[in-house]
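Student: I'd like to learn how to read a structure like this one, feature by feature. Can we go through it together?

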Amino acid sequence: MTPPPSVSTTAGAIPQGPAPKDSVYNRDIMAVTKGFSFSWLFLVLLATGGLLQGVAVFAYQTYYGLGVAGYQAPIFWGVYIITFVFWIGIGHAGTLISAILFLFRAKWRNAINRGAEAMTVFAVLTAALFPLIHIGRLWKFYFMIPYPNQRGLWVNFKSPLLWDLFAINTYLTISVVFFFVGLIPDLAIARDRAPNGIKKVVYTVLSLGWQGTGRQWKAHSRTVLHLSGLATPLVLSVHSVVSWDFAMSILPGWHATIFAPYFVAGAIFGGFAMVLTIMIPVRRIWGLDRIITDYHLENMSRFLLFTSWIVGYAYAMEYFIAWYSGVEFEQTSFYLRAFGPYWLSTWIMIFCNCIAPQILWFSKCRTSIPILFVLSVLINIGMWFERYVIIITSLSRDFVPAAWGLYIPSPVELSILVASFSLFSVLFLLFLKVFPVVAITEVKELAIHAKDHAAQEAH
């Protein structure tokens, strides 16, 4: 991202001389924002319908109380908390692709990092709604926030749930800033290509006067580098904090030190799968095959295979630790995970997250669009069931048999679950029509560097 000495002063220009096919990248990527195709309209209407039914169900729950969600002793953490952890995990891939891979100078990230960054912001926004939904009395949400008040009421700073509040807000802030800073050069390109009207005004304001000068590129590169350094620890810390919601308790199956790295690896694994789930249709519908190439898909596939083994190792270690501990409660808890009332959820989790990804050992499968799309969807399903297994199996079987219970998700919970995916989809589909889904300047920079390198080799 650091510009060489020769930098054009044209708005949105890319460092290091003009590329012969600069306009191709501008035209192809910006074409996604123009017009409303049948596929896009169908997806928007479908997602909007799912969102509206969720809003109606949430209004029903707010009026009648949280009891309509079917919660009863001993399980008061159900689909809402499961889905909260799921969406927080989904948001991690964007930070990984944008920040960590940037620090390691992994060039294959450039075609997918913008979509991953947008995914991060929308996933965290979706996740942030679930603590509000879960409290039932939505108008009491401010009790979750520590602030001086006349009643002398304070939150419990020892509660991991309060740590979630700080972690989510910190992560959301850095994700939004990182996302916006990376957009600025591309917003200038959109500004210069937009006809006079509301879009041009919006792009002009958001591009913050970007002209592509050497001074601006230098400041931009330093800012991205510093934000990458700040965002990298968040990938490790935020989901570690979420894992402590469980690990700080003494329930069998939860009280384990492996939870922090286990949750982080699972979050990255699920997040990468979601990037494939959303970017493969974008690539297909808008014909971005020349930009999001098989090279990018293969690298994503290799990362999925690698993180799948980490997640599988964590699953195996959980069972090993339970056996090696000699604690009867712990051993029984994990036995019931595999062969108890929730055995189907456990085996779905193992198949989707550990067995199915092994197909990526074959090179043809790593670049096969149908296989990758189906696999990415299976992994997302498996990661949701992973959180289901972790939360429900431990809550339903604690130390006292008299407190045992069986949990079945209620229609209200499932409606809110569908609405969360619909909300995420609506936000991402609207993003496609407003901002470039691929980082134009970064992709053009790689193309220029590749052309210059080829010319040098020819000489």
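Student: How many salt bridges does the count come to?

Tutor: First the general idea: side chains of opposite charge can pair when their charged atoms come close. Here a salt bridge means a side-chain nitrogen of Lys or Arg within 4 Å of a carboxyl oxygen of Asp or Glu. By this rule the count comes to nine salt bridges. Keep in mind that this is a predicted model, in which local features need pLDDT of at least 70, side-chain atom pairs count only at pLDDT 80 or more, and totals for chains, interfaces and linings use all residues. Residues are numbered from 1 along each chain as its sequence is written, and side-chain values use heavy atoms, with hydrogens and water left out.

Student: Which side chain meets arginine 191 in a salt bridge?

Tutor: That of aspartate 192, at 3.1 Å from N to O. Arginine 191 comes out at 8%, so it is buried, while aspartate 192 counts as partly exposed because its value is 41%.

Student: And what about arginine 283?

Tutor: Arginine 283 pairs with aspartate 289, with 3.8 Å from N to O. Arginine 283 has 9% relative accessibility, so it counts as buried; aspartate 289, at 40%, is partly exposed.

Student: Which residue does arginine 302 form a salt bridge with?

Tutor: Glutamate 298, and the closest N and O atoms are 3.2 Å apart. Helices here are DSSP runs (H or I, at least four residues), numbered from the N terminus. Arginine 302 and glutamate 298 are four residues apart in helix 10 (residues 294–325), so about one helical turn separates them. Elsewhere, salt bridges that share partners join Arg283, Asp289 and Asp294 into one network.

Student: Now the inside. How many residues does the largest nonpolar core have?

Tutor: In soluble globular proteins, nonpolar side chains tend to be buried together. A nonpolar core is a set of buried Ala, Val, Leu, Ile, Met, Phe, Trp, Tyr and Cys residues joined through side-chain atoms within 4.5 Å. The largest one in this model has 125 residues, and those with the most contacts inside it include Trp87, Phe259 and Phe272. Helix 9 (residues 259–285) provides the largest share of this core, 15 residues.

Student: What does phenylalanine 259 touch?

Tutor: Contact means heavy atoms within 4.5 Å. Leaving out residues up to four places away in sequence, phenylalanine 259 touches several residues, among them Phe246, Trp254 and Ile390.

Student: Which residues form a nonpolar patch on the surface?

Tutor: Patches take residues with over 30% relative accessible area and no salt bridge; like charges are joined within 9 Å, and nonpolar side chains (Val, Leu, Ile, Met, Phe, Trp, Tyr) within 5 Å. This one consists of Phe38, Phe42, Leu43, Leu46 and Ile285, with about 520 Å² of accessible area together. Areas come from the Shrake-Rupley method with a 1.4 Å probe, and for residues only the protein chains shown count as cover. Helix 2 (residues 38–64) gives the most to the patch, with four residues.

Student: Is asparagine 110 buried or exposed?

Tutor: Buried, because its relative accessible area is 9%. Asparagine 110 lies in the loop between helix 4 (92–103) and helix 5 (113–134). Its side chain makes a polar contact with the side chain of glutamate 442, at 3.1 Å. Such a contact is a pair of N or O atoms within 3.5 Å; within protein, one must be able to donate a hydrogen and the other to accept it, and residues adjacent in sequence count only if both atoms are side-chain atoms. Asparagine 113, in helix 5, also touches Glu442, along with Ile97, Ser98 and Ala439, not counting residues up to four places away in sequence.

Student: Last one, the backbone. Where is a cis peptide bond?

Tutor: Most residues other than glycine have a negative phi, and most peptide bonds are trans. A cis peptide bond joins alanine 73 and proline 74, with omega about 5°. Proline 74 sits in the loop between helix 2 and helix 3 (79–90). For phi, look at arginine 105: it is not a glycine, yet has a positive phi of about 55°. Arginine 105 counts as exposed because its relative accessibility is 52%. Leucine 208 also has a positive phi of about 55°, and lies in the loop between helix 7 (198–206) and helix 8 (214–247).

Definitions and conventions
Helices (H or I, at least four residues) and strands (E, at least two) are DSSP runs, numbered from the N terminus. Buried means under 20% relative accessible area, exposed over 50%, partly exposed in between (1.4 Å probe, protein chains only).
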